[in-house]
Amino acid sequence: MNRRIKEKIKYTAGIIYCALVYVFLFLPIVVIVVNSFNATTSKPYLSWKGFTFAWYGKLFENTVLLASFGHTVLLAVVSTLLSTAIGTLAAVGMYKYHFKGKGLIDGLLYIPVVIPEIVLGISLLTVFAKASVPRGMITLVLAHVTFSIPFVIFNIRARLSGYDNSIEEASMDLGANRVYTFFHITLPVLAPGIGGGALLAFTLSIDDVIISYFTNGQVKTFPLKVMESIKSGVAPDVNALSTLILVGTSLLVILTQSGIFSKHKK
Amino acid sequence: MKKKKNFRGNTLPALVMVGPVTLWLLLLVAVPLIYVVFMTFCSLDANYNLVFTFTLDNYKRLFDANYVQIYAQSLLIAFSTTLICIIAGYPFAFLIARVFTKKKAILYMLVIIPFWTNSLIRIYGWRTFLGSSGWLNNMLTKLHIISEPAEFLFNRGTIILGMVYCLIPYMILPLYTAVEKLDKSMIEASKDLGAKGPATFLKVILPMTASGIFSGSIMVFIPCLGYFFVADILGGGKSDVIGNLIERQFQSGNNWPLGAALSVILIAITLLLVKIYQICGGDMENLGV
Amino acid sequence: MEEKKIIVEIKNVNKVYQGTNAVVKDLNLNVYEGEFLTLLGSSGCGKTTTLRMIAGFEDITSGTILVEGENIEDKEPFERNVNTVFQTYALFPHMTVFDNVAYGLKIKKKPKGEIKTKVMEMLELVQLGGFEKRYPSQLSGGQKQRVAIARALINQPRVLLLDEPLGALDLKLRKQMQLELKRLQRKLKITFIYVTHDQEEALSMSDRIAIMNDGILQQVGTPVEIYEQPATRFVASFIGETNLFDGAVSSVDGDKVSVSIESGVITGKGTDFKVGEMVAVSVRPERIKYSVRPVEGFTVPAAVKEQVYVGSVLKTIVVLPNGNEIRIERLAGEELPAEGMVYLYWKDEDAKIIHSFDNNIFAAIDNIQLA
């Protein structure tokens, strides 16, 4: 066979293969989005009864569902802020200073990354129970920060590997004290790493099911609410909310990413 | 020349920066895990209260035949999932990193975007698609391929499908990184030296991207053992993974010491795999997605 | 010489890192106001550490450093009236050239108008007018270094510390920047303490050079003094090319000193030497002459080993009876006879006699016994 035709066939096969993988990845999302416009009103809300926006309207009457979404957002924002703050300080501190027990901290950091989420979830549950910490938003935040911190730190570390220590010295040399230097030099230079870490923390928090499942008490996040209603069939207003979340996060990420990239180019 | 900085009063800034994370990790990672291990030696009194008796009963119960069967099934699911992720993910990662290079940024983002919808909801999407009155059955009956709706759900196969679905990005992303780093001249050199396509792949490309396969496998295999909700939604309670066993002890079963002992199995498997990963020369930093 | 004001006084300074050897040993050095002083030495000699102690980035293990008569030990880097130009430039990558240069003034909370005028002036001075809106990543190495210099100078420091600022530039650019730095220093009359390992750079730019080796200050002096009157064996061999003879003083006649070396006797000029003292004699290759007959005061025969033309210069290597090689430089056309023995000699004042307490003391002891 002609070599060019052979290459062409190979290339086309590659395109088809990638397309199939993307179909696999996006199929359930398409199902959710389409079903959010499904006019069916009978459980389990599966057969197609025509197109409607009604579920988007109903969504705003379903206060329980909206409250669960509120919890999810609040949880994600608070735990992202906390884990980013702690993680940034830690990443910079561990890069700059040498001290005893650094290896231990490093080892502990890998645990939430590799250990199955269920183990982290139940271990937190048992300790909260033992310490009589009432489970609710606070325990959820504690748990989410715990599994987010390592990802924030690793992200910033990747950025620190190309970091020139002498810019901090230069800043102090020019009359800036340590705090001013941290906020005007260290932080802005590490901003892309910190932003990436925060984004990852936010994504992980929004996506988490298992750890929230064990640490939530009576506070239901959106995924937990869905989990509860799965047996009876998930109403299309959940699909509507999922669709809105998808559109929202996509916009958010595209905006922040493009912001980060433009800063990077300078 | 020494580069180490030695400013006066290093202790305070170091403490302010590293103190919080140390405290956090000790209290919310180290202490809970130690407590879980401690709990495995406890038993329950008549009122379901935890009492420390230093018993090995919880460990003995792990050898219950029903449990052993679930471990085997769970490991089988994890192995199959990992294998499918490698076989399906490798060519995909290779294609987006090295063949469709002009669009690789977008193609890479498209792998991440599904993450922004909660995994539970996406798994539910699969159930909607595959269910007895779901899209697939509707389509097939309308096309008269099948006369009655078939049951695609609630078997080991659908659990594996769900696991692959949830975890394949964790395989694709490290593979992408490894493939992208490949030096093109190496591949050319190998071909130049007379190696045919398959030989080049086996002798050059595969060994050089092995790190990606290793870290991807760790990131797929271990969570697979614990993803109880995938088995719940797509397995309908018929096929369980170890995660389901643990979840039951902490919820309906209310036997925390046994649940803790079951968790120790997962901890042990994790430690073992990470150790093997390190022996194979894997870098822990690569596990951070 | 007129009385100069001391601006930096380094007294008995030692620097020891935990678990390692001393990096700076008992350093005493005065820097005068308005001078261009270079700390010269090979890497690891303690020159950068010294600079960093003055800047405040390193603690002083013992001893004191005074700047304008004031002990700076307890001052943070940001409280010291010295500024540094870093080897890696250390420009702030997220700020424009303007903001980089304005940084120090902004911290001092100067009015905006004043900052703008001063930054523009400073950029003109380092020939970077029109570059103020660029980011460091859009600049060449030479331009980055100019920004780093402008950023430090705008604060009108009493002393400017420069840590191998030209090390990362290519040769041509480096030569050009050397001249420019010198011009700036003359114009602004700011004291420069300049660290380099490049002797040519040191010789061409400095008012005075302080040579360090292994944490020990070897000699401080003008470039001419350093070249013509090396105080130690190290200085003699580090600066330019030289021939060193180890031996012992055999006779002293006024300032004329005869030295017994393994292969005979040579003479040179020096004061303060005693008969029997172990010394080294340094003679630059271009100062060595030869004769086919012995010359009074010199009994060192040598055989020609190799002659090489290097353009206008003829480089010759001769071998002494003990096997030591001596380098000689003559103008082209003055070949040495290829066969037979020649006798090396020189004007007494071209042979510098150096007290030899340092490393090669054992070589000298051996020579005495032979003599």
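Student: Which residue is the bridge partner of Pro301(C) in E19(C)?

Tutor: This is a predicted model. In it, three bridges join E16(C) to E19(C), and these strands run antiparallel. In E19(C), the residue that partners Pro301(C) is Tyr343(C).

Student: How many bridges join strand E16 of chain C to strand E17 of chain C?

Tutor: Strand E16 covers residues 301-310 of chain C and strand E17 covers residues 313-319, and the two run antiparallel. One facing pair has Gln307(C) opposite Thr316(C) in E17(C). The number of bridges that join E16 to E17 in chain C is seven.

Student: In what order do the five strands of the open sheet in chain C lie?

Tutor: The sheet is open, and its pairing is antiparallel. From one strand to the next, the twist averages 45 degrees. The order in chain C is E15-E19-E16-E17-E18.

Student: Which strands of chain C stand at the edges, and why is one side of each left without a neighbour in the sheet?

Tutor: Two strands pair if DSSP finds at least two bridges between them. Each edge strand has a single partner strand, so one of its sides has no neighbour in the sheet. The edge strands of chain C are E15 (289-291) and E18 (325-331).

Student: What percentage of the residues of chain C count as buried?

Tutor: Chain C has nine helices and 20 strands, and its C-alpha atoms fill a box of roughly 80 × 45 × 45 Å along the principal axes. Among its contacts with a separation of 6 or more, 65% are between residues 24 or more positions apart. A residue is buried if 20 or more other C-beta atoms lie within 10 Å of its own. Of the 371 residues in chain C, the buried share is 42%.

Student: Which helix gives the largest share of the side of chain A that touches chain B?

Tutor: In this interface, 67 residues of chain A are in contact with 70 residues of chain B. The side that belongs to chain A divides into 52 nonpolar, 11 polar and four charged residues. Its largest share, 13 residues, comes from residues 3-35 of chain A, which form helix H1.

Student: Which helix gives the largest share of the side of chain A that touches chain C?

Tutor: Here 16 residues of chain A are in contact with 20 residues of chain C. Helix H7 (166-173) and helix H8 (178-207) of chain A are the elements that give two or more residues to this side. By class, the side has nine nonpolar, three polar and four charged residues. The largest share, six residues, comes from H7(A).

Student: Over which residues of chain B is the pLDDT below 50?

Tutor: The mean pLDDT of chain B is 84, and 96% of its residues reach 70 or more. The stretch below 50 has eight contacts in the model beyond near neighbours in sequence. In chain B, this stretch is residues 1-8.

Student: Why does Ala189(B) count as partly exposed?

Tutor: Ala189(B) lies in helix H8 (residues 184-192) of chain B. A residue is buried with 20 or more C-beta neighbours within 10 Å, exposed with 12 or fewer, and partly exposed in between. Ala189(B) therefore counts as partly exposed, since its number of C-beta neighbours inside 10 Å is 13.

Notes
Residues are numbered from 1 along each chain as its sequence is written. Chains are lettered from A and ligands numbered from 1 in the order in which they are written. This is a predicted model: local features need pLDDT of at least 70, side-chain atom pairs count only at pLDDT 80 or more; totals for chains, interfaces and linings use all residues. Two residues are in contact if their C-beta atoms, placed from the backbone, lie within 7 Å. Helices (H or I, at least four residues) and strands (E, at least two) are DSSP runs, numbered from the N terminus. Ala, Val, Leu, Ile, Met, Phe, Trp, Tyr, Cys and Pro count as nonpolar, Asp, Glu, Lys and Arg as charged, and the others, Gly among them, as polar. Axes are lines fitted to C-alpha atoms, for helices over the stretch in contact, and angles run from 0 to 180 degrees between N-to-C directions. pLDDT is the predictor's confidence in each residue, from 0 to 100.
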